[in-house]
Structure formats: C-alpha cells, structure tokens
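User: Please take a close look at one helix pair in this model, and then place it in its surroundings.

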Amino acid sequence: MISIDGSTDIYSIMFVSHAHADHIRYIESRAKIISSERTYDLASARRRLKAERFIPRNIELLPAGHILGSTQLLLHNYAMGLDIIYSGDFNLASNPVAEKIIIKEADVLIIDSTYYDPSIRFEDREDVYERIIEFVESKRDSFIVFRSYSLGKAQELIYIMNKAGIVPYVDSNIAKINEVYNKNGFCLRYQHIDLKDLEPNVIIYSKLNVDILKSYIKIRYNKDVYTAVATGMIYRYGLMRNDYGFGLSDHADFYQAIDYINSVNPRLILTYGNDKVKFARYLKAYGYNAIPFSEIYYSYLVADD
Ligand SMILES: [Zn+2]
C-alpha cells in the first residue's frame, strides 16, 4: 500500500508528489519513496533522507506543472482493471521554472482541492509577470522585499527579475534550493543577502522575520522599503500585511481544474485536501460524480495494486 504525500504514516511506502513542506511530512522515517528524481533532490536539500527512491512497475509519474519535479501519480490497478490518478498539486498554466503538465485519462481521479471556489479566477501568467516588472521598475531607488516560499515561487520570482535585468538578493534557504534548479539546467542569477552591505534592490525572502528585516533596512540605509507577495492566496485573504500583492499561483484555479477533469475524463472523482467537502459540492453542482476523499475508500481502491 502506498500513502499519498504526507497524508498519513500508516503505510510503508510513500508517494511524494513534490517537495513542498506539507507534502514531505514523515519523509525522514521512510525506507522507500516513490517520486521523480528532481523531487528527491529537492527534498534532500531540505531534509535528511535515508529513503531509497523507486518506481513500481504498475506506476507512472506524470509531470504536474506545479513546481520543479512535481508529478501526478498514475496507478494501474491490474487486479481491478482500474487506472487511478492522484493529481497532487497541479497547474495548467505554463511556468518557465517547472515542467509542463502531461494529462492522461483514468477511471478514478483523486484531485487536489486548493482552489475549489468558482468565484476565484486567475489572471493570465504573462500579464502578472508584466505587472510585477512594472512595479519593481517604478521603485528602483527603494528596497522591495518579496515574501516567498523558498521552493517554487522564489525561483519563479528570480526568473521574472532576471528577465527585467535584476539580480535579486536571496536568503540561504532559497540559495540552497536554487543550486538544485541550476544543476538541472536553469540559469537563475541571484546574490546572497549580506545585511551589512545592501544596495536598493529586490530581496526574495523566505524567512519569517520580514517585518524586522523591513525596519532594519529602513533604519540602516534610510531608504523606502516595501513588502510584496506573489500568490493566488491574495484572492482569498487579501494583501496579508504586505504593501503590494500579485495573484501568481502555482496551482490550478477552479476553471483550470475543470479543464483538467475533462481531459482525465474519470468516472469517479475523489476530492482531496482541506477543502475536499466544498470542492466535491461545487463539482457535483457542475454535474460531476465527485465525493470527498476518505482513507477507507482509497485503501479499497488500491488494495490489490
Ligand atoms: Zn505544493
């Protein structure tokens, strides 16, 4: 039996769809994991792994478009004659620092429910890039601190900055992840932040003390400092104490999820994640055969895999 992401530690083998923190829980104690090579490398940069990576003969990993190395799991249950896909976090919009999603058909789809809400619709990615570049160019004499996850969003922001000729400062967590990206053929240009010696520039920062950093820079360098964030979460929570916000998500919105479901063409959908009940309700309203994921249902589906 295979557990999916960090959902539970009751099974001996774990599928790791990607290396974001909430998906690599319990990973240190595992002897075996199923993941892409890139996810394994990224997880190793964040955690001490002793796990061996392997891919059983009845499993295919398909790129999910979410972050570098992210994959969906396609499980062929030969005993039941069923193909089952677990989407993991996925994104249909093309992201220059992730692999493009590949979609296959399956009988059962276990789908992530992060953006379950039809009232949220993401903007075109290129338009958001343009707005971010316009914003940083309008504040060239100031410091801009982007709060960011160290993996995925940070590298996309570096890519956007590099495109505008900017080489941003980053913290040590982000730098460690950047090394894995650059080993995989990306050419991210960045500088390690040294608080004693800063010029007005963009800082991409994953640590928690952004507000302290902001006051420190203001006092030491006597320049304006703005905080910004680039995430789909601004559609749900607003600016979240930042001065500026941009709707840039690594996830599919509800309408992308519908396109994805139509391409997978499943007979049954199990919605997965914190908002699985709400997502199932919306999908049912749109005419799909959807129910919230349950461990019992799942163990039945993959029992004889
Ligand atoms: Zn994720």
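Analyst: The axes of helix α1 (residues 37–46) and helix α4 (residues 172–183) come within 10 Å and cross at roughly 155°. Axes here are lines fitted to C-alpha atoms, for helices over the stretch in contact, and angles run from 0 to 180 degrees between N-to-C directions. Helices (H or I, at least four residues) and strands (E, at least two) are DSSP runs, numbered from the N terminus. The model is predicted: local features need pLDDT of at least 70, side-chain atom pairs count only at pLDDT 80 or more, and totals for chains, interfaces and linings use all residues. Residues are numbered from 1 along each chain as its sequence is written.

With that crossing angle, α1 and α4 are therefore roughly antiparallel to each other; angles under 35 degrees count as roughly parallel, over 145 as roughly antiparallel, 65 to 115 as roughly perpendicular and the rest as oblique. The crossing of α1 past α4 is right-handed, a crossing being left-handed if the near helix is turned anticlockwise from the far one by less than a right angle, and right-handed if clockwise. From α1, Asp 41, Leu 42 and Ala 45 make the contact, and from α4, Lys 176, Ile 177 and Val 180. Two residues are in contact if their C-beta atoms, placed from the backbone, lie within 7 Å. Sorted by class, the contact of α1 with α4 has four nonpolar, no polar and two charged residues. Ala, Val, Leu, Ile, Met, Phe, Trp, Tyr, Cys and Pro count as nonpolar, Asp, Glu, Lys and Arg as charged, and the others, Gly among them, as polar.

The chain is divided into domain 1 (2–118 + 251–301) and domain 2 (125–246), with bounds from an automatic or database domain assignment. Their contact takes 14 residues from domain 1 and 13 residues from domain 2. On the side of domain 1 that touches domain 2, nine residues are nonpolar, three polar and two charged. The C-alpha centres of domain 1 and domain 2 lie 29 Å apart.

Two open sheets complete the picture. Three bridges join β2 (residues 13–15) to β3 (residues 32–34), with Ile 13 opposite Lys 32. The other sheet has six strands in the order β11-β10-β12-β9-β13-β14, and the pairing is parallel.

Key. Pairing = 2+ DSSP bridges.
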